[in-house]
Amino acid sequence: MEESAVRKIIHIDMDAFYASVEQRDNAELRGKPVAVGGSRQRGVVAAASYEARQFGVRSAMASSVAVRKCPVLIFVKPRFDVYKAVSSQIRAIFAEYTALIEPLSLDEAYLDVTENLKGIPSATQIAQEIRAEIQQQTQLTASAGISYNKFLAKLASDFRKPNGFYVIKPAQGLAFVETLTVGQFHGIGRVTAARLNELGIFTGWDLRQQTEAFLKQHFGKAGSYYYTIARAIDHRPVTPDRIRKSIGSENTFDRDLSADSELVEGLQPMLDSVWRSCQRLGVAGRTVTLKVKFADFEQITRSRTALGPILQKEFLDRIGVELLTALFPVPKGVRLLGISVSNLETTDQPTSQQLLLPF
């Protein structure tokens, strides 16, 4: 890679953001295992403090499971208005250094500081200044990854968490990637990692031995992405004010489902995940789309659009379940369910007035 082509990308990721805000604002929670999220019986963990993570508690985990892992876990209701306010503080700090800011959520963003507003030649210095400023202004810690592309910067920010930073230089990228398991790659989920393992691909080095044609054969267009990241290549630019078109979640089941009750139960975690993502990103959607992939890989989608933005979870759940139950009884086993919302718009706070009908 020629020096003129080298970009300087920083990935900033707040440490256990929601839980850390709650511990900051309530001294009684400091040093204790905290979960931000729903009830102990039927809720889902939106965020876990590092004290809770030591017990195996993770975000997106059912609250009932989290309690079994950590009986002394303290549940706190989320305060998204506070998280958004803190996120705005952090975003203002970023803007002191660069206009090329791509927020991924309230608690993380990419920054391109190749050419920055302060004329600082070192991306590492900029990252350290930003982390110090965040801590001074918010009393919260952030981790930073610095590299020459977005994929590696994201990996680097995870490498020294919490409250750390890591640099991957151009000469180090390939060696860094080849030692990772494929499950550690950003963009490769649990199901895809398992499929790669079935093909004898366990590490970045294993992935790099495959041809692009082979990977596309097994993973479609995503195979090209896997081919490039295995070579530490990522040409995606940092895109300011990125407009997200949709938010979705899907799951491939361990076995094909056909019973009505199993399918409704199987859809619920995706509805929960989509709702959490909407709240985290401060957006609401109007169109809900159900995706169904049958055992023979036939795929169908069903959509419904509300009159206004969906601002309450019960309405998202209702639409999703109604789209699914309209297919009952299913003609064959279902191997995958997915739910997504689109026609997104920003929203400040949920309201009790829900414009849902007519469709």
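**Glu-322, at 29% relative accessibility, is a partly exposed residue.** Buried is under 20% relative accessible area, exposed over 50%, and partly exposed in between, with a 1.4 Å probe and protein chains only. The model is predicted: local features need pLDDT of at least 70, side-chain atom pairs count only at pLDDT 80 or more, and totals for chains, interfaces and linings use all residues. Residues are numbered from 1 along each chain as its sequence is written, and side-chain values use heavy atoms, with hydrogens and water left out. The side chain of Glu-322 meets that of Arg-304 in a salt bridge of 2.5 Å, N to O. Glu-322 belongs to helix 13 (residues 313–325) and Arg-304 to strand 12 (residues 299–305), so the pair ties together parts that are 18 residues apart in sequence. Arg-304 is also partly exposed, at 22% relative accessibility. Helices (H or I, at least four residues) and strands (E, at least two) are DSSP runs, numbered from the N terminus. A salt bridge is a side-chain nitrogen of Lys or Arg within 4 Å of a carboxyl oxygen of Asp or Glu; the whole structure contains 17 of them.

**Lys-313 and Asp-317 form a salt bridge.** Their closest N and O atoms are 2.8 Å apart. The two residues are 4 apart in helix 13, which means that about one helical turn separates Lys-313 from Asp-317. An α-helix has 3.6 residues a turn, so residues three or four places apart point the same way. Lys-313 is partly exposed, with 22% relative accessibility, whereas Asp-317 is buried, with a relative accessible area of 17%.

**Glu-22, Arg-24, Asp-25 and Arg-79 belong to one network, joined by salt bridges that share partners.** One of these bridges links the side chains of Arg-24 and Asp-25, at 2.8 Å from N to O. Arg-24 is partly exposed at 22% relative accessibility, and Asp-25 is partly exposed with a relative accessible area of 40%. In helix 1 (residues 17–25), 7 of the 9 residues are buried, so the helix is largely enclosed by the rest of the structure. Among the buried residues of helix 1 are Phe-17, Tyr-18 and Glu-22.

**Thr-287 in strand 11 (residues 287–294) is joined to Thr-305 by a side-chain polar contact of 2.8 Å.** A polar contact is a pair of N or O atoms within 3.5 Å; within protein, one must be able to donate a hydrogen and the other to accept it, and residues adjacent in sequence count only if both atoms are side-chain atoms. Thr-287 is buried, at 8% relative accessibility. Beyond its neighbours within four places in sequence, Thr-287 is in contact (heavy atoms within 4.5 Å) with residues including Ser-303, Arg-304, Val-341 and Asn-343.

**Ala-306 sits in the loop between strand 12 and helix 13.** The residue is buried, with a relative accessible area of 1%. Ala-306 and Tyr-225 are 81 residues apart in sequence, and their C-alpha atoms are 35 Å apart.

**Glu-108 carries the UniProt annotation "active site", from an unreviewed entry.** UniProt positions are given in the numbering used here, feature names are shortened, and annotations may be inferred rather than shown by experiment. Glu-108 lies in strand 6 (residues 108–112) and is buried at 16% relative accessibility. Its side chain makes a polar contact of 2.7 Å with that of His-11. Not counting residues up to four places away in sequence, Glu-108 touches His-11, Ile-12, Asp-13, Pro-103 and Lys-154.
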